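Visitor: I'd like a close look at just one part of this model, the place where two of its chains meet. Please walk me through it in one go.

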Amino acid sequence: MSEHTPSIPAEVYFFGTCLIDVFYPDAGISAIELIEREGIKVIFPPQQTCCGQPPYNSGYNDEAIEVAAAQIALFTRPIPVVVPSASCAAMMKHHYPRLLEGHPLHAQALNLANRIYEFSEFLSNTVNITLQDKGPPIKIVLHQSCSARREMQVTTQTMQLLHQLENVEICEPERASECCGFGGTFAIKQPEISAAMGKDKCDAIKKTGVLNLISGDCGCLMHLSGMMAKDNAPIRSEHIASLLWRRTR
Amino acid sequence: MSSARENILQRLRGASKNIKPAPIPNMQLPAMSMADRLTQLTNAMQLAHTQIIDTTESEWPAALLLLASEQKLKHWLISSASASAQKFADNAGLCQQPLTLTRYNKSFALLKETVFHQIDASLTDTAGAIADTGTLLLLPSVAEPRAMSLVPPVHVALLRTSTLVSNFNELIVQQGWPDNAMPTNALLISGPSKTADIQQTLAYGAHGPKALIVLLIHDHKELDRNH
Amino acid sequence: MTPTFRQRATDALADKALRSNFRGAMDFLREKRASVFTDERELAELRALGHQIRANVLSRLPSLLEQLEAQCQKNGIQVHWAETPNEACEIIYQIMHRRNAKLAVKGKSMVSEEVGLNHYLETRGIECIESDMGEYIVQLAEETPSHIIMPAIHKSKEQIARLFEEKIDGVGYTNNVDELIGVGRTILRDKFFKADVGISGVNFAVAETGTLCLVENEGNGRMCTTIPPVHIAITGIEKVVEKISDIPPLLSLLTRSATGQRITTYFNMISSPRKKGERDGPEEVHLVLLDNGRSRIYQDTHLQETLRCIRCGACMNHCPVYSRIGGHAYGTVYPGPIGQVVMPQIEGLEKHGEMTEGCSLNGACGEVCPVEIPLADLIRTLRQKKSAAAIPPDNRAGIGSHRKKTEAIAWMFWKWVHRAPAIYLMVTFAISRLRLLMPRSFGAWTRYHSAPKPAPQTLHELMRHRKQATSKEDQL
Ligand code: SF4
């Protein structure tokens, strides 16, 4: 967990993540709008691609290293890097230093790791943002990803942001802390187990009767909303940045 | 010596140079006052289904006789030589019901049949107790062998409050381990035998005693009492 | 052909009774654990302490083993070393053979499962009865344990009631747990009474004093180590602990993590066989120290973290995969996260590499592990080893044994796309433009999900437009 930084930075980098790039660009734009509204300049290096997590988690480290090294080279200035996904943030913060051990970019990887902020953590801790809810009353289920809970430990920060939204009521599904079963390539390699986990999560969410699913991780969202859609469940899923921006602009 | 030993050690030695030991973090557990120790002991024991009978040095034999007659515990296994066993034997005649006392004064092979099939209850001393977890320390000896606290269906243990410590760390200090050599067998006992192996349902008396009854002798000094 | 991990898991997922038995048991055990770790700071301190105690043991493992051996021998405990499961079984068999033993009672010992002791003895005419209630049930059903702490956790009491009715003479159907346990007690007491040898595992072996520590609730462990004339303990070489004063924190971590108990009913510390004049206890005590790949695990400073394990089972209790597929689906002695880490290392990646895929890397295991083993990281490392391109000359570990051409090519292709921004932009642009033409089916994914729909424009494009817009504004 990052400490409260004393001053709000003038500029930050934004690492969009590949899933947001292709499937949830609106979440990326919303996150950037929110940061910029606080008077912070957002730099989006256009050469960025993916953090390298998929091959890394599959045991293909050489491939992961090449792609990681390409990202590291893009975020060299000593300013924070905001990542709107706890699992990609964890990759860059916790796994890059290990992955690049012995690599010429190792020192740079360590330097970058210290500047990685998960999006909610950045808004809540670093910016200490104040949010004014302008939206109608709704109920949401918040799915906190395993990376948000364990590797990044940013669940309280996420809650802190949502609690500022007066008209948003947060419902907790049964066994909220259990994994939804996405796990990146796990969902492809072990689809039966992944789906069994996903189904339990979807059932728990449906049981709350709430129709809005929010998460800070698009992997989980894609998995859960994909399963819900297959089932024709009328649940709308959204990245937390989209919700925050939509309701406070 | 065996080649397996040499091979294993050699492989380990080859690798262990890379790893350095680090200082072990210090974790202080709070020492409890006697009052707290007693409360904690009682709570923990009750949670574990250990029965406690509060008594004193002079009254425990009477309490034991009452227990024997109430629970119809007729045949007792007792120590061959302990003072408590003698005290029990001296008073046994006063019991409402006739008691048979078997002294554990032969080797197990000779007593096995009796110990397994005829005994209703045993009486043992204890060497101390841990308040934190409601745990008795038993140090079986020539006079009080190991099977006494294991085979009979009911185990009655005498515990003196003056021997009560806050936690396991303190118990190790109290016993002077490892400077005092470890006994053949040291036992921490925290309740009657139990199992939850069938669908997480708790059942008592799995293999050992179905009941553990502690005669808690309040013998600590006044000074400690006001601690 | 034996079924793959994935096939076994798929079958288990379809078994409704099994699913509900595990779900109930895991929820129960998680809640129990949480109820005894209410002080988060104390938990953090205790885990850090447990971690360091175990790490320090590993840092001095060879000398601690020698010290343990010397102390045990001084106390009269005979120490044996075994490199392989077969050697361990043979050592135990020879001890029994010398005593002309025909019946052994065994307390819970996963290491004895690891070496396949029951089978070994059985083929040599020795009956070995499991005396832990859960193990007894599993043996009666001719199955293997599905959990390292609660071996019969996959069965409901009704299933056990039917098993008893069918297998034990004179026992009718009852699903009353007290009665079922009563049946087990009666049968097993007779076995303790008659047994020639008692076999047990070891939870901690204290080098400083030569003391074997056993943790249990039932009393069968005490029976096995007290009643028969010979006691044989078997354990892995990593179970050694330096000092007696290291035991309280480790014990507390073990019982609280395993079953949510502040302590178990019995903590049995054995330091010698029956001494002269003593009236009971075994005349001989033997300790068998098993390597079986552990010294190989020890060679790698990262994978070595595996050996800190105190076998509490908390990682499986909290594993969302184990909770759904149960222990048997892994097809190994140790299931769940610790199994996924241990088995491929002791029996090789070639045989057990696939089970490392049964993990979403969610990290719940590492979060609860009392000695802070980073299980997810270790699983990831093993995935890397099983798919490695470079194969070492002595490859008993099975490095690269699961490398598949198609997968390797897929990742190579992936790398080309993602390390070169120009190609990446082209590909993502194409995906977003072809979104309406996307296939409805992506193999496994669309079996359970509707096909994901790419956005009409990528974030990269949107950001480019934004930049153009602002720079235009700037020019005006
Ligand atoms: S890996 Fe950790 S949690 Fe799992 S059994 Fe071992 S000590 Fe327990």
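Guide: First, the rule: a salt bridge here is a side-chain nitrogen of Lys or Arg within 4 Å of a carboxyl oxygen of Asp or Glu. By that rule, C:E83 pairs with B:R11, and their closest N and O atoms sit 2.8 Å apart. Keep in mind that this is a predicted model, where local features need pLDDT of at least 70 and side-chain atom pairs need 80 or more, while totals for chains, interfaces and linings use all residues. Residues are numbered from 1 along each chain as written, chains are lettered from A and ligands numbered from 1 in written order, and side-chain values use heavy atoms, leaving out hydrogens and water.

Across the interface of chain B and chain C, the rule turns up 5 salt bridges. There are also 41 residue pairs in polar contact, both residues at pLDDT 80 or more; that means N or O atoms within 3.5 Å, one able to donate a hydrogen and the other to accept it, with sequence neighbours counting only if both atoms are side-chain atoms. α1(B) gives the most, with 11 residues.

Overall, 77 residues of chain B touch 92 of chain C, contact meaning heavy atoms within 4.5 Å. The two chains bury about 7,200 Å² between them, 61% of it on carbon and sulfur atoms; that's accessible area (1.4 Å probe) lost on putting the two parts together, summed over both.

Technical notes. Helix = DSSP H or I, 4+ residues; strand = E, 2+ residues; numbered from the N terminus.
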